[in-house]
Amino acid sequence: MPTLVYRLRSYPVLALALCAVTFAGVAGAQGNSTPDANSKRARAALDAMVQAMGGDRWLNLQNSYVEGRTSGFYQGKPTGAIGDFFSWHVFPDKDRIELTKKRDVVDIFLGNEGWEITYRGKRALPADQRDEFLRRRDHSIETAVKVWMKDPNTMLLFDGQSLAERHLADQVTLISPTNDSITIQMDAETHLPLRRTYQWRDPLYKDKNEEADEYDNYQTIDGIPTPFAITRFHNGDMTNQRFVYKAAYNVQLPENAFDVDATAAKIKK
């Protein structure tokens with residue numbers, strides 16, 4: 001796999017060991033607040049975020065399209081891996097990402113499968129690259145709102161206020177029934193997402209890794225505030241920056257957008 005292509009893919013936000021310890025910390029931060037009151041405050045913060053992102057319009061989007069330029073970093077330093085990307089997303093589990101100016105490298109994700117298509121044909125993505133993309137998709141803000149918040153067994157914790165992207169932020173953590181979690185920091189004034197964080201355990205080395213995305217330079221596109229600058233971190237080190245040139249919603253999808261064989265046949269030509 002060429003380094004550039006590997007750096008560009010996996011786009012188109014803390015597992016908690018002891019819930020009792022978390023509740024104790026939250027209670028201490030909130031004075032005499034009960035867990036129920038804390039949960040209500042967390043939900044209110046998330047509801048305010050949804051409204052800030054477009055409310056029902058954002059909740060009912062058919063699809064989204066983004067194009068821009070992305071660059072890779074290693075230990076916080078540029079790797080020189082820079083390129084164009086064009087991506088379509090259909091919630092919950094359909095993504096098409098075209099890479100290079102010629103758009104002749106295409107990644108398609110359907111459900112839990114991932115494919116790369118080039119002039120050589122199609123091939124299943126290596127498991128580590130596929131899993132990286134799926135983790136980000138399954139811990140996205142969209143999934144947190146549209147899936148996790150709808151589950152009555154998901155715990156919502158208001159963690160207080162902190163700084164994110166030099167802004168005062170309300171911080172909320174969602175904990176799934178399987179003890180997975182997503183932490184979202186929202187601007188205390190605009191309620192727009194500033195940072196999304198989650199953790200995962202490496203299946204080989206068994207250590208925990210922390211992934212974070214920071215969102216900046218929001219521009220409203222068709223009624224949807226859209227971050228035009230996204231910075232990604234792995235265990236605190238910057239790994240990627242994405243700068244959006246164009247975004248659109250409820251667009252006409254490319255012909256056979258998620259058909260792997262049809263895409264492979266077209267690129268071969």
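Which residues does D170 touch, not counting residues up to four places away in sequence? In this predicted model, D170 touches F158, G160, Q161, I184, Q185, M186 and A188, where contact means heavy atoms within 4.5 Å. The model is predicted, with local features needing pLDDT of at least 70, side-chain atom pairs counting only at pLDDT 80 or more, and totals for chains, interfaces and linings using all residues. Residues are numbered from 1 along each chain as its sequence is written, and side-chain values use heavy atoms, leaving out hydrogens and water.

D170 lies in strand β8 (residues 167–175); strands are DSSP runs of E, at least two residues, and helices are runs of H or I, at least four, numbered from the N terminus. D170 is buried (under 20% relative accessible area; exposed is over 50%, partly exposed in between; 1.4 Å probe, protein chains only). D170 has no salt bridge (a side-chain nitrogen of Lys or Arg within 4 Å of a carboxyl oxygen of Asp or Glu). The nearest side chain of opposite charge, R41, is 5.5 Å away; Lys and Arg count as positive, Asp and Glu as negative, and His and the chain ends are not counted.

Elsewhere, the structure holds 17 salt bridges. E98 and R96 form one, with closest N and O atoms 3.0 Å apart. Both residues, E98 and R96, are buried. K146 and E142 pair at 3.1 Å, N to O, in a salt bridge. K146 is buried at 10% relative accessible area, and E142 at 19%. A network of salt bridges links E132, R136, R196, E211, D213 and R232.
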